[in-house]
2 protein chains.
Amino acid sequence: MTTRKEAIVVAAAELFAEKGFSETTTAEVAEQAGVAHGTLFYHFKTKENILLEVFESIMARYQAGMEAAVANAGSGMAAIEALLRFQLAFVEENRQEYLVVLRDFPSYLANSDSPQKAVVQRRLAGVVGVIRQALERGRQDGTIRGDLPVEETAHILRGLVYGLTRHKLLGFLALPPLGEAVVDFCRQALQPAAGA
Amino acid sequence: MTTRKEAIVVAAAELFAEKGFSETTTAEVAEQAGVAHGTLFYHFKTKENILLEVFESIMARYQAGMEAAVANAGSGMAAIEALLRFQLAFVEENRQEYLVVLRDFPSYLANSDSPQKAVVQRRLAGVVGVIRQALERGRQDGTIRGDLPVEETAHILRGLVYGLTRHKLLGFLALPPLGEAVVDFCRQALQPAAGA
DNA sequence: ATCTTGACTGACTGCTCACTCAGTTTTTAT
DNA sequence: ATAAAAACTGAGTGAGCAGTCAGTCAAGAT
């Protein structure tokens, strides 16, 4: 059974994804959820708190998926490839909710120092951490170039994936399907030199 | 001499960069520009039109810079490297105005089909075009792997650069300086195999 | 001197929207 | 059954905001 509170989060995710946070009114969220306007504020103190709940519900699943992908991989390079494929698939399957993350984070909270910001920050740091661990593992088992700066590369990979996803879901330009091209591109950049 | 209209665009760029479009009021823009509130609407029909003017003024310079970087390069690979370095430098030097682009495009106009959208679309397509030409040139002069899918890779590079820039300017996480690491990463991914 | 025009002003308007609260219904405990 | 607590409701409120408009002012043009 779905509680009212869950219904609100689902409705908010749909609308925030479609129109963005600022452009969605609480009245619309209530209507979409089939709930009175006041009920929103019984369950959530503010509109922003609804956004945060949507963010948490998707990011928890996302990070868990990343960790599973890494755990099942046989080498560091395989882990990186698994992460890339997971990302591409996750976005495909959770297009709508993922849009919320892309649209309103981190820009929306950029200039506030609410406790909410700390929650978001922790999540994002977790994601970079998973990538970094995979890179370190690859350096040790020799499937990834030894001269690669790990911290920097982890951020580069995250930036790459983020930018592509953003263009795919929010961009004006039609993108060709990029799945394997991305994996190839990264493999090429990360693998040890042929004659080494 | 700076006209009032220019003063408005400069003020709007500062505020939109700092707080975002939706979170900035026209009254604030007027005050920052040292102009009466009504003057905004004498020069611009709507608030959105001010945003568009800010966008155009920065993107025109940006695209011109990209084209210059490519023109002065001695090979395809050198062109790509020049593009990457240009991007990193441009963002550094135009941090504030570039923030406007990152914050509010393309997400803000995503669901409108105003004529404004077409303007933005043309700009972005132009950027991808410059990258694609550099890649093709590299394939022909042999400085870039021949088996690389050009269209796909152009989008990957744009995504990479966009994602990194966004994290740098808007992100919650402190990034290490990435300049040369990015260039190395891409060179590695693009260069022909050693034994070819 | 008088007229015209274009830049500029700021009080005002009408509307939107997040949030409140006094009251009702439903659930749970005893 | 009864009381108490929790969930829910929706009309209302007040703040904030984009855009308007009647009018001022200064600089040419006649």
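Buried area is the accessible area (1.4 Å probe) that two parts lose on being put together, summed over both. In this predicted model, local features need pLDDT of at least 70 and side-chain atom pairs count only at pLDDT 80 or more, while totals for chains, interfaces and linings use all residues. Residues are numbered from 1 along each chain as its sequence is written, chains are lettered from A in the order in which they are written, and side-chain values use heavy atoms, with hydrogens and water left out.

Chain A is divided into domain 1 (1-44) and domain 2 (48-190); the bounds come from an automatic or database domain assignment. Their centres, taken over C-alpha atoms, lie 27 Å apart. Between them the two domains of chain A bury about 1,200 Å², 76% of it on carbon and sulfur atoms. On the domain 1 side, Ala17(A), Phe21(A) and Phe44(A) lose the most area to domain 2, together 46% of what that side buries.

Contact (heavy atoms within 4.5 Å) joins 14 residues of domain 1 of chain A to 13 residues of domain 2 of chain A. The two domains share 0 salt bridges, a salt bridge being a side-chain nitrogen of Lys or Arg within 4 Å of a carboxyl oxygen of Asp or Glu.

Chain A can be laid on chain B by a turn of 180° and a shift of 0.0 Å along the axis, with an RMSD of 0.1 Å. That is the relation of a two-fold axis. The superposition is by least squares on the C-alpha atoms of residues with pLDDT of at least 70 in both copies. The same surface serves both copies: 100% of the contact residues of chain A recur in chain B.
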